[in-house]
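Dear colleague,

Please find below the structure that I am handing over to you. My findings follow it, arranged by topic.

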Amino acid sequence: MASTWRRLVLGLTVPALLATACATQADETSTGDDEINYRSTAGQEYALSATVTFPMPDEAKSLEGAEKEAAITKRAEQLRSLVASAISAELDRLWPEEERTHGDGAVIQYRQGTATFRDLTASADGSSYTIVVSGEFAAMNDIQARLPLKAAEDATKYLPVSFDAGAGAQELHVTVTPIERSGNAYPKYLELFEDGLDIAVHVGGDHNTPPQDINHARSIYDDLVRSGFKSPVAKFEDLKLDSGPLTSQLQVKGAPVDVRIRIFHVDMAPPEARQPLVDAYKESMKSADVVVYDGHAGRRLDYSGVVLAYNPSRVSIPANQFATIESSAKQQVYLFNGCETYTGYADKLFENPNRKPENTDVITTANYSAIFTTAVQVNAFLHALVDGRDGVRGAWVPRSWDSVLARMNAVGERAWLHVYGVHGIDDDPKVSPLADVSKLGAACRTDADCGATDSRCLPSPGGSRVCGIACADSAGCPSGTKCVLPRGRTSRDDMQCAAF
C-alpha cells in the first residue's frame with residue numbers, strides 16, 4: 001500500500017483533570033490543519049513520534065483493491081487515536097494535577113489537532129502493517145530532563161508507553177523532539193491601532209464557592225482607573241453592558257491613538273437572561289482589535305470554550321463554535337486565559353474563514369490558570385500593550401511578543417508555572433513599528449537623535465556613537481546588522497539592530 005500522510009482528528013479519552021479554575025471533562029474529537037507557529041518565553045513545543053505495528057484487520061481479509069485499502073486505513077485511523085490517547089494518559093499519569101500545580105511541578109499539554117499518522121506500510125507477507133503516529137505538545141523548557149526516558153539498542157532515547165494494537169501488549173518507543181520556536185516578533189500594532197485600539201475583556205463566570213469572577217473583573221477596572229483611564233461610570237458596580245468603554249490615549253509617532261477598553265462580567269445580565277453575554281462576546285469577535293477571555297476552560301472543545309456564566313445554568317460558547325461565529329478580516333489578538341487552552345483553542349479559532357495566522361495572534365496557556373482574587377495575568381497583558389515609555393504615561397513604546405509573554409509568565413496567583421505562549425506570529429514584524437530605518441548607523445549623541453521612542457544611541461566598535469533600531473529578531477534587521485542587547489542594557493525591550 002502506498003505511503004500516506006494525514007493530519008487527522010485526535011479522539012482522546014484521557015483522565016479528566018479538574019483544577020480549581022477549570023471546567024474539564026473527557027476530551028473530544030478535534031481537527032487541525034498545518035502547523036500553527038508558536039512561541040513562549042517559559043516553554044517549548046515538542047514533537048512526539050511512535051511506530052505502531054498492527055495485524056491486518058479481520059474485516060479487510062476478504063476484501064480486495066480499494067475496499068481493502070479503505071478498511072486498513074480506517075484501522076490505522078483508529079489506532080492513531082488510541083495511540084495519542086495512550087500517550088496523553090501516560091503523561092497525565094506521570095504528572096497528574098497535584099504535580100502540575102505547585103512550584104516545582106511539571107507543565108505538559110497535548111495539542112489535540114496535531115495527531116497524525118504517516119507511512120502506512122505492509123509487511124513482506126501482508127499479514128501486518130506499520131504506521132508512524134505523530135503529535136505535538138507544549139511543556140516547560142526542561143521537560144526532556146524530567147521525562148523517564150530509556151535508551152534503545154541504537155542509543156536513541158524514548159519514552160516507553162504500553163499499548164495494545166490487537167495482537168497483545170507492546171511497548172511503544174515514543175521519541176520526543178523539540179520543535180524550532182517561531183522567531184520573536186512584534187504584534188502588528190499599527191494595524192491594530194487603525195481607528196483606535198478597541199479591547200474587549202470578557203470575564204467568565206466562576207463555579208467555585210465563593211466565586212471570584214467579579215473580583216477579577218473589579219481588579220481589571222480598578223487597575224485601569226489607577227493607570228489613568230477615564231471610566232464611563234462613577235464606580236465599578238455601575239458598569240452595564242451598554243456603559244461604554246474606559247478610555248485613554250496613546251501618542252504613537254506623534255499622533256494620538258484612542259484606546260477603548262470594555263469589561264464584561266456575569267452580573268451585567270440577569271440570571272434568567274444570559275444571552276446578552278454571549279452576544280457581547282460574538283460582537284467582540286467581529287469588531288474588537290483585542291479580545292480577552294478570563295475564566296474557566298479545559299480540554300473538551302465541544303464543551304469548554306468561553307464560559308460566561310454558571311448559575312443558575314451554565315452558559316458558554318464552546319471552542320468548536322469559533323469557526324462559525326461572524327468575524328471581520330481585521331487584524332486581531334486573542335487571549336484565552338483559562339486552563340489548558342493550548343490544547344486546541346487557537347486551532348479552532350483558525351478554522352474560522354476570517355481568522356488566519358496572517359491576521360490573528362492567539363495567546364493560550366499550556367497549564368492550569370487560576371481564578372483567585374485578582375486578574376494579574378490580564379492586567380500584565382494590558383499594560384504590556386498600552387503602557388508608555390518605562391511605564392510612564394506619554395509616548396507609547398512597542399513591546400515584542402517575548403516582552404508581553406515574559407510579563408504574563410512572571411506573575412501568578414499560585415505557585416505554579418502557566419506557560420503562556422502565542423500562536424500565529426511567523427508573519428509578524430521583527431523590527432519595531434516605530435523604527436526609522438534611515439537613521440540606522442547614523443551618528444548620534446543621545447537616544448533622541450535616533451528618530452524613535454525605542455531607538456537607542458549606541459557605542460560603536462570604533463569609539464563613536466551610532467543609532468540602532470529596536471528589534472525582536474535578527475531576521476528583521478537590515479543586511480550587515482543583527483538584533484543584540486547593547487552593552488549596559490538589561491531589558492529585552494532594548495534589543496537593537498546594530499553592526500556588532
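A disulfide is taken here to be a pair of cysteine sulfur atoms within 2.5 Å. Please bear in mind throughout that the model is a predicted one.

Disulfides

The structure holds 4 disulfides, and three of them are described here, beginning with the one that joins Cys-450 to Cys-467 at an S to S distance of 2.1 Å. The torsion about its S-S bond is about -85°, so the disulfide of Cys-450 and Cys-467 is left-handed. Cys-450 sits in the loop between β19 (420-423) and β20 (457-459), while Cys-467 belongs to strand β21 (residues 465-467), so the bond ties together parts that are 17 residues apart in sequence. Cys-450 and Cys-467 are both buried.

Cys-471 is joined to Cys-483, again by a disulfide, with 2.1 Å from S to S. The link of Cys-471 and Cys-483 is right-handed, with 100° about the S-S bond. Distant parts of the chain are linked in this way: Cys-471 is in the loop between β22 (469-470) and β23 (482-484), and Cys-483 is in strand β23, 12 residues apart. Both of these cysteines, Cys-471 and Cys-483, are buried.

A further disulfide joins Cys-477 to Cys-497, with an S to S distance of 2.0 Å. Its torsion about the S-S bond is about -85°, so the disulfide of Cys-477 and Cys-497 is left-handed. This pair also links distant parts of the chain, with Cys-477 in the loop between β22 and β23 and Cys-497 in strand β24 (residues 496-498), 20 residues apart. Cys-477 has a relative accessibility of 11% and therefore counts as buried; Cys-497 is buried with a relative accessible area of 0%.

In soluble globular proteins, nonpolar side chains tend to be buried together. The largest nonpolar core in this model has 81 residues, of which Phe-336 and Phe-381 touch the most other members. Helix α8 (residues 376-386) contributes the largest share of this core, 6 residues. Neighbours within four places in sequence aside, the contacts of Phe-381 are Val-290, Val-292, Val-333, Leu-335, Ile-363, Val-404 and Met-408. A second, separate core of 45 residues includes Ala-50, Ala-71, Ile-87 and Leu-91.

Helix α8 also packs with helix α5 (residues 213-226), at an angle of about 30° and with the axes 10 Å apart. The crossing of α5 and α8 is right-handed. On the α5 side, Ser-219, Ile-220, Asp-223 and Leu-224 take part, and they meet Val-378, Asn-379, Leu-382 and His-383 of α8. The residues of this contact comprise 4 nonpolar, 3 polar and 1 charged.

Backbone features

Thr-209 and Pro-210 are joined by a cis peptide bond with omega of about -5°, and Pro-210 is placed in the loop between β11 (197-203) and α5. Asn-311 and Pro-312 are likewise joined by a cis peptide bond, with omega of about 5°; Pro-312 is in the loop between β15 (305-309) and β16 (315-318).

Positive phi values were found in residues other than glycine. For Ala-155, phi is near 75°; this residue lies in the loop between β8 (150-151) and β9 (157-164) and is exposed, with a relative accessible area of 55%. For Glu-340, phi is near 55°. Glu-340 lies in the loop between β17 (332-337) and α7 (345-349) and, at 0% relative accessibility, counts as buried.

With kind regards

How values were computed. Residues numbered from 1 in each chain as written. Predicted model: local features only at pLDDT ≥ 70, side-chain atom pairs only at ≥ 80, totals over all residues. Heavy atoms only, no water. Helix = DSSP H or I, 4+ residues; strand = E, 2+ residues; numbered from the N terminus. Buried < 20%, exposed > 50% of the residue type's maximum accessible area, 1.4 Å probe, protein only. Core = buried A, V, L, I, M, F, W, Y, C linked by side-chain atoms within 4.5 Å. Contact = heavy atoms within 4.5 Å. Axes fitted to C-alpha atoms, helices over the stretch in contact; angles between N-to-C directions. Left-handed = near helix turned anticlockwise from the far one by under 90°. Nonpolar A, V, L, I, M, F, W, Y, C, P; charged D, E, K, R; others polar.
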